[in-house]
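I am opening a notebook on a structure that is new to me. I will take a helix, then a residue, then the ligand.

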Amino acid sequence: MTTKQELKQYQNFINGKLMAASSGNTMDSIEPSTGEAWAKIPLSTQEDVEKVVTAARQAFPAWSALSAEERSGYLRRIGDAISLHDEELTTLETRDNGEVIAVAPYLAEAIKSVWYDAAGACKEGSQGKTVQMGPTSIGYTLREPFGVVLGILPWNAPLFTFTIKAAYALAAGNTVIIKPSQQASVSSLRYGELLGGILPSGVLNVISGLGRDIGDALVAHPGVSKVSMTGSGTTAGSILRASARHPKPTIFELGGKSPNIVFEDADLDKAVDGVIHAIYTSNAGQRCTAGSRILIQQSIFEEMIDRIRERIKNTIKAGDPMDLASTMGPLSSLDQYVKIRSYIKLGVEEGGEIVCGGRHGGENVLPDKPEFSGGYWVEPTLFKVNSNTLRICQEEIFGPVAVVMPFETEEEAAAIANDTCFGLGAGVWTRDLNLAHRMIRKIESGNVWVNTYSRVGADLPFGGFKESGYGTDSILEYSREKACVIEIEE
Ligand code: NAD
């Protein structure tokens with residue numbers, strides 16, 4: 001095992017250079033499968049905030065003056081180059097946040113496709129329109145970048161959220177500062193260094209530190225022109241308050257309590273796979289789109305519960321995240337572990353009936369190696385409930401804990417699906433195309449998946465309704481329109 005003295009020290013990447021925090025302070029990054037420190041990251045300060053904003057502002061005029069073709073060339077080169085570092089980056093992410101390494105090939109492919117999509121979109125981000133205003137005047141619009149875009153990342157998906165924010169912001173001609181979560185910064189610090197080797201100095205910068213310190217200071221900084229944050233609603237509120245000091249536009253990609261709805265005519269084998277994958281084997285439920293409310297039509301309710309229980313018991317293989325055979329890893333931090341355990345306790349107190357799980361570890365969950373005994377392991381847990389009003393049905397738990405409840409009609413399914421403050425994703429399982437289309441229209445969420453779950457694509461928008469956020473990380477969100485009118489002398 002690694003000792004404290006051997007911990008690798010990662011650094012900020014500012015203005016084309018690796019840099020320690022000005023104070024020299026660091027914090028430990030914890031490996032969730034063992035609960036032990038495995039790397040050190042800079043604990044940046046206000047002084048570093050000034051440095052990074054200055055660097056990004058100074059790089060902006062030259063970067064924004066490039067033609068769309070030139071910017072596209074840079075992004076395409078990143079897409080080509082990043083494949084060479086897939087394994088290194090995804091390994092860092094797995095050690096840092098505990099997501100199983102089995103997802104690495106999909107993650108690497110998704111990242112590459114975003115860089116290529118952003119390269120292709122460069123022109124779209126700079127195209128305006130012309131308007132004939134009258135016999136002697138012509139109007140047109142210019143699309144221009146904002147300036148410095150700040151990307152604030154969550155711990156559950158650092159590489160992917162880094163990519164969608166940086167790629168489209170750069171494509172539109174902005175320079176970028178990335179602030180990863182203090183709980184999982186290592187992959188982002190290394191990613192920034194790799195990308196920075198391809199881009200001009202100052203165009204892309206990465207700075208780590210505490211959200212309440214440097215996150216808040218970056219948001220409030222007058223040199224930052226737009227903020228795109230992925231995280232919780234509580235942090236979104238803090239960001240809105242901080243950004244009010246120098247009002248600036250924001251994109252928020254927030255949490256969810258997504259319904260996964262199974263109708264009696266569905267292919268039940270596929271639906272069970274979809275239910276399991278949507279919550280338990282999807283980063284142990286630590287995914288914004290987690291299908292944490294399973295709604296099942298009354299006529300197949302008990303049969304489906306039996307199938308889900310059986311599938312959890314026999315197919316989920318929780319274990320060492322670095323083992324390719326593992327399908328579920330640990331929770332990503334001690335805080336997460338404590339929070340999820342308290343929700344399980346609450347579920348029991350609220351009258352939820354535990355169908356399976358609920359314990360720390362468990363026979364099919366706790367890896368048998370002694371080094372994992374301090375890790376943050378929780379069994380896949382399913383509660384049978386009768387009412388959607390329980391707190392475990394309304395609040396985002398963000399772990400391997402789901403509720404299952406019955407419905408009779410499509411109207412009732414849609415009403416339960418919409419009965420939360422969130423609106424991020426929804427799954428619908430049916431063979432009836434008309435029913436599928438009716439449900440798509442009835443469900444209030446930014447994404448609806450039929451006979452599949454959580455499918456996203458670089459050329460489809462991804463965003464939330466209601467308290468799941470607003471805006472999407474797309475090129476048009478990262479440029480603004482200027483209206484120009486010219487009067488022609490006759
Ligand atoms: P979080 O809100 O705790 O932290 C997110 C980021 O905000 C971190 O980098 C943190 O350091 C920073 N931050 C904290 N306080 C700040 C402040 N005052 N000012 C500026 N920045 C601050 O979220 P998390 O726990 O890292 O991530 C989990 C949440 O993210 C869940 O709610 C999940 O649903 C959501 N999420 C949403 C999506 C999506 O696309 N909709 C994707 C992934 C995760």
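I began with helix α3, residues 86-97. I count helices as DSSP runs of H or I of at least four residues, and strands as E runs of at least two, numbered from the N terminus. α3 has 12 residues and reaches 16 Å from first C-alpha to last, close to the 16 Å expected at 1.5 Å a residue. That expected span is 1.5 Å times one less than the number of residues.

A note on the source: this is a predicted model, where local features need pLDDT of at least 70 and side-chain atom pairs pLDDT 80 or more, while totals for chains, interfaces and linings use all residues. Residues are numbered from 1 along each chain as its sequence is written, and side-chain values use heavy atoms, without hydrogens and water.

Next I looked up burial in α3. L89, T90, L92, E93, T94, D96 and N97 are buried (under 20% relative accessible area, 1.4 Å probe, protein chains only). Their cover includes β4, β5, α2, α4, α5 and α6. After α3 comes G98, with a positive phi near 85°.

I moved to α6, where S188 lies. Is S188 buried or exposed? S188 counts as buried because its relative accessibility is 0%. Beyond four places in sequence, S188 contacts L153, P158, F162, P180 and V206 (heavy atoms within 4.5 Å).

Last, the ligand. Polar side-chain atoms of K179 and T235 each lie 2.6 Å from a ligand oxygen. The ligand alone exposes 850 Å², and the protein buries 88% of that (Shrake-Rupley method, 1.4 Å probe).

Technical notes. Buried means under 20% relative accessible area, exposed over 50%, partly exposed in between (1.4 Å probe, protein chains only). A polar contact is a pair of N or O atoms within 3.5 Å; within protein, one must be able to donate a hydrogen and the other to accept it, and residues adjacent in sequence count only if both atoms are side-chain atoms.
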